[in-house]
Amino acid sequence: TGLVTLDSGYGNTAAYKSAVTYLDGEQGILRYRGYPIEQIAERGSFLETAYLLRSGELPTVDELATFRNEITTHTLLHEDVKRFYDGFPRDAHPMAMLSSVVSALSTFYQDSHNPFDERQRHISSIRLLAKLPTIAAYAYKKSVGQPVVYPRNDLGYVENFLRMTFSVPAEEYVPDPVVTNALDKLLILHADHEQNCSTSTVRLVGSSQANLFASISAGINALWGPLHGGANAAVLDMLESIQASGGDVDAFIRKVKNKEDGVRLMGFGHRVYKSFDPRAKIIKAAAHDVLSALGKSDELLDIALRLEEHALSDDYFVSRNLYPNVDFYTGLIYRAMGFPTSMFTVLFAIGRLPGWIAQWEEMITEPGSRIGRPRQIYTGVVERDYVPVEQR
Ligand code: CMC
């Protein structure tokens, strides 16, 4: 097949043109619609970022108010959606519940399946942005056996999510502004990252003209794996296992370098960044700030710092350009906020949703957009004759 070139893991294949996110892996630059991630994380809000990614421009005061209002009025889930959670086993992974319920939303909103109708695209995007935190909070409630907490329209996006997650009938949870602001910032930092595995999945599924709920559900499943969004949970597991073995960072690094049982330093390395991940820099500082503001100390933070220091001066990691990525320090912040490890990747999904939607919309409205359909290099038997079963 002379015309087809093999590009394992799509290391060098651009599948799309995109105007959403600019990423320079050599210099560690990340910009949403041209705005540096550092500026948006420092001064912007997550809802503003969601608006920016979708529309291409930052909203005016009025546009933001309208957008916020639209989101707020769609946060509630249909009561029948709640019954899905009754059917899941008590120890169901929240990521499985998240993708299943998002897929199930397509059965409730069959009026917005046409990706070529602008109004339908808009309403399904709003419904998803509004409902994903509610779906996530219900999944958490299922896992701890507590009654669900309905959304409240007077609260901000993140405050509402935190309250739905942590309030119990006996005690209303009022989030510390330190927590609200830190989570908002983390969601901003996760909001888009050009053609990563989950975004490419959303685009690929969407390219068949499947509806948005189906496409996003596929993206959530792609995000779940430990090499992608699941890395934030895998980092915590790794830090806990190092702690359990007496905090011996050197021994763990040796294991990684010897590639024992395929052990990797989770939260390190990136396909595109060959220098520091700019998100990781901001998150490392936030981890310190949040822990000290909440008056929490965490031995795992100390282990993480020692791991990072060791890796950054070790030839194995240096020669392979392996630096901490977005997932290295996030788990420590989520843990300090009270989230169990199983919810970490769910938080990533809530953050990434605007990027998935923006990229899906860009793909489906691109003139001449075609179905995604990679080629292959066939390595099987060329041809042989069929043998009836009794003669084999
Ligand atoms: N620990 C140890 N060795 C590593 C690591 C790591 N974290 N990452 C890459 N390597 C080594 C790898 O073994 C290979 O070495 P060699 O040349 O001797 O075979 C070399 O570096 C290149 O690795 P690769 O697997 O070809 O690189 P990739 O671009 O295909 O993979 C990655 C990128 C992010 C999947 C990988 O670095 C990794 O597995 N990291 C750990 C998981 C992780 O933190 N994922 C989160 C990524 S960032 C945000 C997100 O997407 O969620």
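Predicted model: local features only at pLDDT ≥ 70, side-chain atom pairs only at ≥ 80, totals over all residues.

User: Noted. How is the protein divided into domains?

Analyst: Domain 1 covers 21-227 plus 347-365, and domain 2 covers 231-337. Their C-alpha centres sit 26 Å apart.

User: And how many residues are in contact between them?

Analyst: On the domain 1 side there are 23, touching 22 residues of domain 2. The elements of domain 1 that put two or more residues into that side are S2, H1 (37-43), H8 (177-190) and H17 (344-365).

User: Which of those gives the most?

Analyst: H8 does, with eight residues.

User: What's the side of domain 1 that touches domain 2 made of, by class?

Analyst: That side has 15 nonpolar residues, four polar ones and four charged ones.

User: OK, switching to the sheet. What's the strand order?

Analyst: S1-S2-S3, in an open sheet of three strands with antiparallel pairing. S1 (21-24) and S3 (35-36) are the edge strands, each pairing on one side only.

User: How many bridges join S1 to S2?

Analyst: Four, with the two strands running antiparallel. Within that pairing, Asp24 stands opposite Ile29 of S2.

User: Where's the positive phi in that hairpin?

Analyst: At Gly28, where phi is near 70°; the hairpin of S1 and S2 has four residues between its strands.

User: And how many bridges for S2 with S3?

Analyst: Two, again antiparallel, with S2 spanning residues 29-32. There, Tyr32 faces Tyr35 of S3 as its opposite number.

User: Helices next. At what angle do H2 and H17 cross?

Analyst: Roughly 15°, with the axes of H2 (residues 46-55) and H17 coming within 8 Å. H2 therefore counts as roughly parallel to H17, and the crossing is right-handed.

User: Which residues make that contact?

Analyst: From H2 you have Thr49, Ala50, Leu53 and Arg54, and from H17 Pro354, Gly355, Ile357, Ala358 and Glu361. By class, the contact of H2 with H17 has five nonpolar, two polar and two charged residues.

User: How far apart are the axes of H13 and H16?

Analyst: They're 8 Å apart, and H13 (residues 278-293) packs on H16 (residues 327-337) at about 25°. So H13 is roughly parallel to H16 too. H13 passes H16 in a left-handed crossing.

User: What does H16 bring to that contact?

Analyst: Phe328, Tyr329, Thr330, Leu332, Ile333 and Ala336, which meet H13 residues including Ile283, Lys284, Val290 and Leu291. The contact of H13 with H16 splits into 11 nonpolar residues, one polar and one charged.

User: Last pair: is H6 parallel or oblique to H10, and why?

Analyst: The axes of H6 (residues 118-144) and H10 (residues 212-224) come within 10 Å and cross at roughly 40°. That angle is why H6 counts as oblique to H10; roughly parallel would need an angle under 35 degrees.

User: Is that crossing left-handed or right-handed?

Analyst: H6 and H10 cross in the right-handed sense. On the H6 side, Ser124, Ser125 and Leu128 meet Leu212, Phe213 and Ile216 of H10. The contact of H6 with H10 consists of four nonpolar and two polar residues, with no charged ones.

User: Great, that gives me what I need.

Terms used
Residues numbered from 1 in each chain as written. Pairing = 2+ DSSP bridges. Domains from an automatic or database assignment. Contact = placed C-beta atoms within 7 Å. Nonpolar A, V, L, I, M, F, W, Y, C, P; charged D, E, K, R; others polar. Axes fitted to C-alpha atoms, helices over the stretch in contact; angles between N-to-C directions. Parallel < 35°, antiparallel > 145°, perpendicular 65-115°, else oblique. Left-handed = near helix turned anticlockwise from the far one by under 90°.
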